[in-house]
Amino acid sequence: AWAALEQLSSRGVPSVTAELVEAPAVCTVCDVVLNSQKQFRQHIAGARHWARVSNYVASCTLLVTGAPPFTTEEDLREFFGPEFPVSAGYITQLPPRDPSEASGPFQVTFGSPQEAAAALAGRNER
């Protein structure tokens with residue numbers, strides 16, 4: 001569980017894995033105050049917390065379909081442009097749904113739900 005949280009944290013999900021130095025601590029995903037390390041650990045192990053983390057990550061992610069064969073991560077970064085930056089490591093190519101397709105769709109994850117919404121709106125305006 002800790003490794004999964006650290007991986008999400010490295011992908012832009014607000015940090016909830018740091019050891020508590022002083023109480024209270026705040027889980028920025030769930031917006032709750034935790035008064036001890038024990039509460040903190042119980043909280044981040046809970047199903048509600050994981051559901052919120054999953055929802056947060058999903059709200060930061062756009063599915064890009066219809067890309068030409070051999071599209072690269074750099075192509076997608078150019079597609080969204082400098083005004084909608086995609087941080088390194090936030091692009092994942094999924095396997096094609098149909099074996100006859102040359103490439104599958106891409107998941108592009110932005111730093112926040114607001115950035116993902118702005119990128120989508122910006123692309124639709126172009």
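Cysteine 27 has 1% relative accessibility, so it counts as buried. Cysteine 30 is in no disulfide, and the nearest cysteine sulfur, that of cysteine 27, is 3.9 Å away. The model is predicted.

**Cysteines**
- Cysteine 30 also counts as buried, because its relative accessibility is 10%.
- A disulfide needs two cysteine sulfur atoms within 2.5 Å.
- For cysteine 27 the closest cysteine sulfur belongs to cysteine 30, and 3.9 Å is too far for a bond.
- The disulfide count is zero.

- Strand S3 spans residues 61-64.
- Its covered face carries Leu62 and Val64.
- Thr61 and Leu63 make up the uncovered face.
- Strand S5, residues 106-109, pairs with S3 over four bridges.
- The sense of this pairing is antiparallel.
- Within S5, phenylalanine 106 stands opposite valine 64.

**Threonine 92**
- Strand S4, residues 91-93, contains threonine 92.
- Beyond its neighbours within four places in sequence, threonine 92 is in contact with Pro105, Phe106 and Gln107.
- Threonine 92 and glutamine 107 are 15 residues apart along the chain, yet their C-alpha atoms are separated by 5.1 Å.

Notes:
Residues are numbered from 1 along each chain as its sequence is written. This is a predicted model: local features need pLDDT of at least 70, side-chain atom pairs count only at pLDDT 80 or more; totals for chains, interfaces and linings use all residues. Side-chain values use heavy atoms; hydrogens and water are left out. Buried means under 20% relative accessible area, exposed over 50%, partly exposed in between (1.4 Å probe, protein chains only). Helices (H or I, at least four residues) and strands (E, at least two) are DSSP runs, numbered from the N terminus. Two strands pair if DSSP finds at least two bridges between them. Contact means heavy atoms within 4.5 Å.
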